[in-house]
Amino acid sequence: MPAHENNKVVLLEHPSGSKAEVALFGATLTSWVVDGVERIFVSKQAKRDGSKAIRGGIPLCFPIFGTKEKIALPQHGFARNNYWEYLGIVNDNDEVSVRFGLKDTQIPQEARSAWAHSFRLTYTVSLTAKSIKTFINLKNEDEDTFEFNLLLHTYFSVPDVTKAAVEGLTSCEYIDKVQNAAKFTEKNDKVTISGEVDRIYKKVQDKIRLEVGNGSSIQIEKSNLKDTVVWNPWIEKAKGMGDFGDEEYKNMICVEVGSVADWVALGGGQSWTAGQTLTIL
């Protein structure tokens with residue numbers, strides 16, 4: 001079987017040898033192995049029992065990013081904090097694709113009250129020899145328009161974060177959350193990490209590149225998403241997180257595609273699709 005569920009985790013295997021794992025909790029992709037190398041970071045301290053969002057992988061931030069004063073939801077919303085339904089294999093030809101679903105009737109009443117809309121999310125993960133696609137389809141099942149944020153909070157594994165670099169953000173305006181949400185324009189050809197970084201880059205081109213630092217690179221291609229977040233907690237923030245090792249900041253970088261600087265509006269009865277394709281170069 002190219003994909004099967006075991007103990008609330010769906011395992012994908014491609015004939016090339018590439019592999020992936022998706023936890024039903026949050027539909028969080030927790031592993032992507034190409035050429036025998038793990039490309040995705042998950043903290044050794046991550047909770048895997050459904051008690052809180054998994055620290056690492058690709059958590060789905062929906063319907064909010066961060067916290068909102070007028071919406072009483074936990075940080076980054078409820079999609080990453082609930083069990084999704086495994087909807088099975090979509091195809092197993094050149095790519096192995098599986099699908100997951102979450103609708104408003106499957107989330108706790110407290111969350112439904114805080115964001116009182118009828119919706120259906122369908123999440124498709126597709127694995128090839130050198131790439132993985134993670135795409136979301138959202139159906140607004142209300143009569144009225146609602147607004148939301150969506151972010152694919154991707155944690156990449158790197159040998160040494162100080163040698164990693166993100167290319168393709170030059171000239172983009174960004175909101176620097178480390179500096180009280182001050183706004184700047186990126187002047188560097190490569191964004192590197194030498195301290196805490198928490199930036200929302202706005203109106204980013206669809207293809208950017210992560211230099212992993214060991215000679216390999218990953219192309220990050222977003223679809224129907226405007227923004228890209230770059231994050232590393234560095235020393236002090238790492239020490240403050242109970243589900244993250246004190247030294248683990250050295251081996252991860254988040255490069256997260258989404259639409260979070262502004263709300264996305266979706267009319268009643270309408271559908272919206274967005275996602276990313278990660279490719280080993």
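This is a predicted model: local features need pLDDT of at least 70, side-chain atom pairs count only at pLDDT 80 or more; totals for chains, interfaces and linings use all residues.
1. The UniProt entry, which is unreviewed, places the feature "binding site" at R55, Q75 and R80. These residues span 26 residues in sequence, yet no two of their C-alpha atoms are more than 13.2 Å apart, so they gather at one spot. The lining of the largest pocket takes in R55, Q75 and R80 from this set.

2. R55 lies in the loop between β5 (37–38) and β6 (60–61), and, with a relative accessibility of 18%, R55 counts as buried, because buried means under 20% relative accessible area. Leaving out residues up to four places away in sequence, R55 touches V42, S43, A46, Y155, W231, M241, D243 and F244.

3. Q75 is found in the loop between β6 and β7 (85–92), and its relative accessible area of 44% makes Q75 partly exposed. When residues up to four places away in sequence are not counted, Q75 touches G66, T67 and R80, of which R80 is also named in the recorded "binding site".

4. Turning to the strand residue, T228 belongs to strand β20, which covers residues 227–232, and T228 is buried, with a relative accessible area of 0%. Apart from its neighbours within four places in sequence, T228 is in contact with R199, I200, Y201, V204, I208, K222, V255, E256 and V257.

Definitions and conventions
Residues are numbered from 1 along each chain as its sequence is written. Side-chain values use heavy atoms; hydrogens and water are left out. Helices (H or I, at least four residues) and strands (E, at least two) are DSSP runs, numbered from the N terminus. Buried means under 20% relative accessible area, exposed over 50%, partly exposed in between (1.4 Å probe, protein chains only). Contact means heavy atoms within 4.5 Å. UniProt positions are given in the numbering used here, feature names are shortened, and annotations may be inferred rather than shown by experiment. On a 1 Å grid over the protein atoms alone, a cavity is a set of points where a 1.4 Å probe fits but cannot get out, and a pocket is an open set with protein on both sides within 12 Å along at least five of seven lines; lining residues have an atom within 4 Å of a point.
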